[in-house]
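Have the structure open while you read.

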Amino acid sequence: MENGSILFGAAYYPETWPESERKKDIEMMKKAGMNVMRIGEFAWHKSEPEPGRYDFTWLHRVVDDLAANGIKTILGTPTATPPNWFLKEHPDAAVLYPNGQRALHGGRRHCCSNNSAYRKESEKIIRKLGVEFGSDPNVIGWQLDNELYQGDCVCDECREKFHLYLRKKYKTIDELNKAWNHEIFSQAYSSFDDIPMPVIGWQNPHLRQAWKAFQHDSDIEFIHMQHGILKEYTNAPIGTDMMPLNGVGYEKMCEPLDVLMFNHYNDESNLPDLPFWFDYLRTVAGSRPFWNTETATGWNGSIQIDQIAKPAGFCRVNSWLPIALGGRANLYWLWRQHWAGHELIHSSVIYADGRPLPMFDEIRQTSEEYKKAESFLNDTEVSAQIAMHFTSLAWQMFEVQPTVRGLSYYPALKDYFYHPIEQLGLRTDVIGVKKDLSEYKVLISPLLMSLEDEDLGDRIEEWVKNGGTWIAGPMTDIRTAAGTHFTDRALGRLERMTGARLIASMPDSGRYVRSIWKDKTPFSANIWQEVYSVADGAEPLTEVCGDYQSLIGGTLLQKCRYGKGNVWLLGTFPSCGDWQKLIMRVCEENGIKVPKASGSVCAIPRKGKGRRGIILIETAHQPASYELSEPMTDILTGIDYQGIVELKPYDVLILEERI
Ligand SMILES: [Zn+2]
């Protein structure tokens, strides 16, 4: 494998196969065009069959055999599956569920990340792995644990650490009682030790938010501990593979890590959602790489299939999306179907008996295409002028306080705000709380309930003052960091910045509070309405009509000057058409060209090292079109294109401008 190659491979479980099978496996890996395997993530027992008796010879042989055939290794720490001897010695390390039952051995992630014996044992095996493989040039990356999402463990160590967490944050119990308004329901506590773990019954939302944050922090601490140990032994990049669930703090989790890893199992129905995640991972990664560590070649399933077969071409298009959007690796789960045990029916690259799955040809084709496009991919980076916020704090707050029944942060953000922009053929960076804003012309922050998230509020304000265009709302800046209302103002800073006043915020989908654009055409307002007074010097774009006389004269959308920039104050979830109308106006004002596009095209402009182009990927298995601004050539086929490009279902075009 050459430096600069896209990593292409799968998860391989040699611990479950006789060594005599390896030759056959490796032959097929080479046929598939793979250059990396991810191994060892659950193989603790094989490497330490009894406490303190380590044996890594089998693992060395695997790494060496693969390397002899040009295949590198990403090595996993096996902490998701400690052996049975560990739980026999430390039964208290098993997760304690709120119903009083303990997790059993036999699945994975059944030990509590806060348990000290589990941490100690984990440290030992990680250190051993570091010693054995840390300087092995064939181990080109490390994966810490696997899909680490702790449930509601209520063990004694979790309780103690939770109380310590609250004590550190609030110093005195009186402060905490005051901050969370504990006179309601006579909740006031006399000691931190009395505070329950809020897993049962009707609990204070601020307590529940703190519990969520504490759980995430415990997992993050566990991973950072692992990273710290391995760093003593290796220079290879270290990451942890996570799934898009639970609002876990990706940014915080990945802060010290060297590579971002991401697992997903999107199918035909939600493939168009996938770019959202890669647009996010790319910005969180920054100068680090991100790797798509798991995806299915076809369907996923354990003892039954949860997904059905997908159209021909799905595997290829699904494999291209992470790479086109900035990733440096695409790996399937799994290489060879398990012959017995868990996840028997999951799709793979080859069946248990070694036959290839029907997607094998697409896999091989993808590998060849990566190579063809490699120099363009290496020279260029994804370029976006628009950014949209997606933060862990906002996600946690909506999980605890959805505000309107059924309102969920990620689906609402992507469906109401992200997708309509992508349908316009534009690329949006999805950014977390830490991302520098200076490279963007337009920033969109819907559903950012609190701006009291690190220094985010101040940084946005400064950026707008210096000329940025910020679309703020709906439901943005409406809470403190703990999730409480403000009592001396309606919003944290938006009223002060814009001069507008919030007249009312209420749940209504245009039934009683209706709005029209200035040209008198209807403006659709869904789910929630924040009606503002029009600020001095602001341009209202819509006006409120309907039965509520107190709201007449107010608006759901106005453009307010702030410093050299603008704040577009938005108070509702517009329809796709109304949102696109606003975006097109904002783009026009900011010199962002909106192409003509139809259907579901993921359009990815890339530039760098004097090269420019655009990757077009059709994601909905429908015909689509996209208008090119310059004549271009498809790197994969050599075909020239100009003007309107007609895309067939699941087309992938890697287009470079002709110079
Ligand atoms: Zn616990």
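A helix crossing is called left-handed if the near helix is turned anticlockwise from the far one by less than a right angle, and right-handed if clockwise. By that rule, helices α14 and α17 cross in the right-handed way. Before going on, some ground rules: this is a predicted model, where local features need pLDDT of at least 70, side-chain atom pairs count only at pLDDT 80 or more, and totals for chains, interfaces and linings use all residues. Residues are numbered from 1 along each chain as its sequence is written.

**The helix pair**

Helix α14 covers residues 409-423 and α17 covers residues 576-589; they pack at about 60°, with axes 9 Å apart. Those axes are lines fitted to C-alpha atoms over the stretch in contact, and angles run from 0 to 180 degrees between N-to-C directions. Helices here are DSSP runs of H or I, at least four residues long, and strands are runs of E, at least two, numbered from the N terminus. From α14, the contact takes in Tyr-416, Phe-417, Pro-420 and Ile-421, which meet Cys-576, Trp-579, Gln-580 and Ile-583 of α17. Being in contact means C-beta atoms, placed from the backbone, within 7 Å. By class, that makes 7 nonpolar residues, 1 polar and no charged ones.

**The sheet**

Next comes an open, antiparallel sheet of 6 strands, ordered β10-β24-β25-β30-β27-β28. Its edges are β10 and β28 (640-641), each pairing on one side only. Two strands pair if DSSP finds at least two bridges between them.

| Strands | Bridges | Sense |
|---|---|---|
| β10 (residues 381-382) and β24 (residues 601-608) | 2 bridges | antiparallel |
| β24 and β25 (residues 611-618) | 8 bridges | antiparallel |
| β27 (residues 632-634) and β30 (residues 652-657) | 3 bridges | antiparallel |

**The core**

Which residues touch the most other members of the largest nonpolar core? Ala-10 and Leu-616 do, in a set of 167 residues. Such a core is a set of buried Ala, Val, Leu, Ile, Met, Phe, Trp, Tyr and Cys residues joined through C-beta atoms within 7 Å; buried means 20 or more other C-beta atoms within 10 Å of a residue's own. Leaving out residues up to four places away in sequence, Leu-616 touches Val-601, Ala-603, Tyr-626, Val-645, Leu-647, Leu-653 and Leu-655.

Definitions and conventions:
Buried ≥ 20, exposed ≤ 12 C-beta atoms within 10 Å, placed from the backbone. Contact = placed C-beta atoms within 7 Å. Nonpolar A, V, L, I, M, F, W, Y, C, P; charged D, E, K, R; others polar.
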